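Hello,

Here is the structure I promised to pass on. Please open it alongside this note and follow along.

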Amino acid sequence: MLPAGVLVCGGPEVITRHFALLCALQPVRVEADGMVCAPRSAPEAAGPALAACPLPWRALSEVPAWPDPPAAMVAGWYRRSPAHAAAPEGVRELIQTPGEGFGPADHATTAMCLEQLEHLPAADAVDVGCGSGLLCQAWVALGRGRVLACDLDGRAVDQTARSLAAAGREDRVTMRRGPVAALRAEELGGRVLLANVPLPAHESLLSRIGRPPRAVVLSGLRPGQAAAVVVAYRALGLEIVAEDERGGFRAVSMVAA
Ligand SMILES: C[S@@+](CC[C@H](N)C(=O)[O-])C[C@H]1O[C@@H](n2cnc3c(N)ncnc32)[C@H](O)[C@@H]1O
């Protein structure tokens, strides 16, 4: 039976070194002799992680409060709730509050987009269909520029806003509830478009573009849907710099030549 509370023993340096494996144990705080975790809050991830734990650990009689949503390492980011332990020095983190916006970070489309951000140039961005807001938060955390984030789902806008505030990054993002069709051409030209949306939203976005964007990351597309969207951005002068396929979806990044 998975213990409710666990202390993973080790000093800060050793905890940091193994953090990518340890975060599945759901760390809630770091103490002088190790890291306190609440593994039962995410048993599917924490069970295997405890079995493979590279450091000594002991069960605690104390039951830590359950952090929610569960933390995970995704695309090199520690995605955590506000109730989890903060990332150790040198580990990049994204904060996700509880909510109903799309975007459990381990969804294949979100993960592929996060991975491909490194291929995109710095510029102000538009997070088209922001869901729970992980892409706009990552863009700001990387110091790439400001973001206009929109979604037609009010629950997504609310979760993105709360998550950005919890991360202290809300001042770099303008939130808007509304459809892609309400974006104006001048809001898209020269920007980086973070567009993990279904095909109809991509088509709507393309119909709004006047001056070409600086770059795009495109996902939410099935493999058979992506080619036509890529052709449309090629016609705007963008070239592919990264592409991937996972979980039945495609992700493509393109940059103005
Ligand atoms: C696949 S989710 C991606 C969420 C987030 N960007 C991510 O990568 O985790 C797509 C999001 O786009 C939103 N969406 C879909 N069609 C839209 C449209 N026409 N206008 C605005 N938002 C839309 C959905 O509400 C959903 O939150």
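Which residue in strand 6 is the bridge partner of Ala 72? The partner is Arg 79. Before going further, please keep in mind that this is a predicted model.

**The sheet around that pair**

Strand 5 and strand 6 are joined by three bridges, and they pair in the antiparallel sense. They belong to an open sheet of three strands, in the order 5-6-7, with mixed pairing. Strand 5 (72-74) and strand 7 are the edge strands, so each pairs on one side only. On average, neighbouring strands here are turned by 30° against each other, direction ignored. As background, strands of a sheet pair through backbone hydrogen bonds, in either a parallel or an antiparallel way.

**Two domains**

Now step back to the whole chain. Domain 1 covers 5-95, and domain 2 covers 108-256. Their centres, taken over C-alpha atoms, are 30 Å apart. Eight residues from domain 1 and ten residues from domain 2 make up the contact. On the domain 1 side, strand 6 (77-80) and strand 7 (93-95) each supply at least two residues. The residues on that side of domain 1 are six nonpolar and two charged, with no polar ones.

**Leu 7**

Look next at strand 1 (residues 5-9), where Leu 7 lies. Is Leu 7 exposed, partly exposed or buried? Leu 7 counts as partly exposed, because 18 C-beta neighbours lie inside 10 Å. Beyond its neighbours within four places in sequence, Leu 7 is in contact with Gly 34, Val 36, Trp 57, Arg 58 and Leu 60.

**Thr 110**

Thr 110 is found in helix 4 (residues 108-116). Thr 110 is buried, because 25 other C-beta atoms lie within 10 Å; the cut-off for buried is 20 or more. Ser 219 is 109 residues away from Thr 110 along the chain, yet the two C-alpha atoms are separated by 8.1 Å.

Strand 8 (residues 125-128) is covered on both faces. Ala 125 and Asp 127 are buried on one side. Val 126 and Val 128 are buried on the other.

Which strands pair with strand 8? One is strand 9 (residues 147-151), which runs parallel to strand 8 and is joined to it by four bridges. Within that pairing, Val 126 has Leu 148 as its bridge partner. Between these two strands the chain passes through helix 5 (residues 134-141), and this β-α-β crossover is right-handed. Strand 11 (residues 192-196) also runs parallel to strand 8, again with four bridges. There, Ala 125 stands opposite Val 192.

**Gly 143**

One last stop is the loop between helix 5 and strand 9, where Gly 143 lies. Is Gly 143 buried or exposed? Gly 143 counts as exposed, because it has 8 C-beta neighbours inside 10 Å. The cut-off for exposed is 12 or fewer. Gly 143 and Arg 172 are 29 residues apart in sequence, with 9.7 Å between their C-alpha atoms.

Over to you.

Best wishes

How values were computed:
Residues numbered from 1 in each chain as written. Predicted model: local features only at pLDDT ≥ 70, side-chain atom pairs only at ≥ 80, totals over all residues. Domains from an automatic or database assignment. Contact = placed C-beta atoms within 7 Å. Nonpolar A, V, L, I, M, F, W, Y, C, P; charged D, E, K, R; others polar. Pairing = 2+ DSSP bridges. Axes fitted to C-alpha atoms, helices over the stretch in contact; angles between N-to-C directions. Right-handed = clockwise from strand over helix to strand, strands pointing away.
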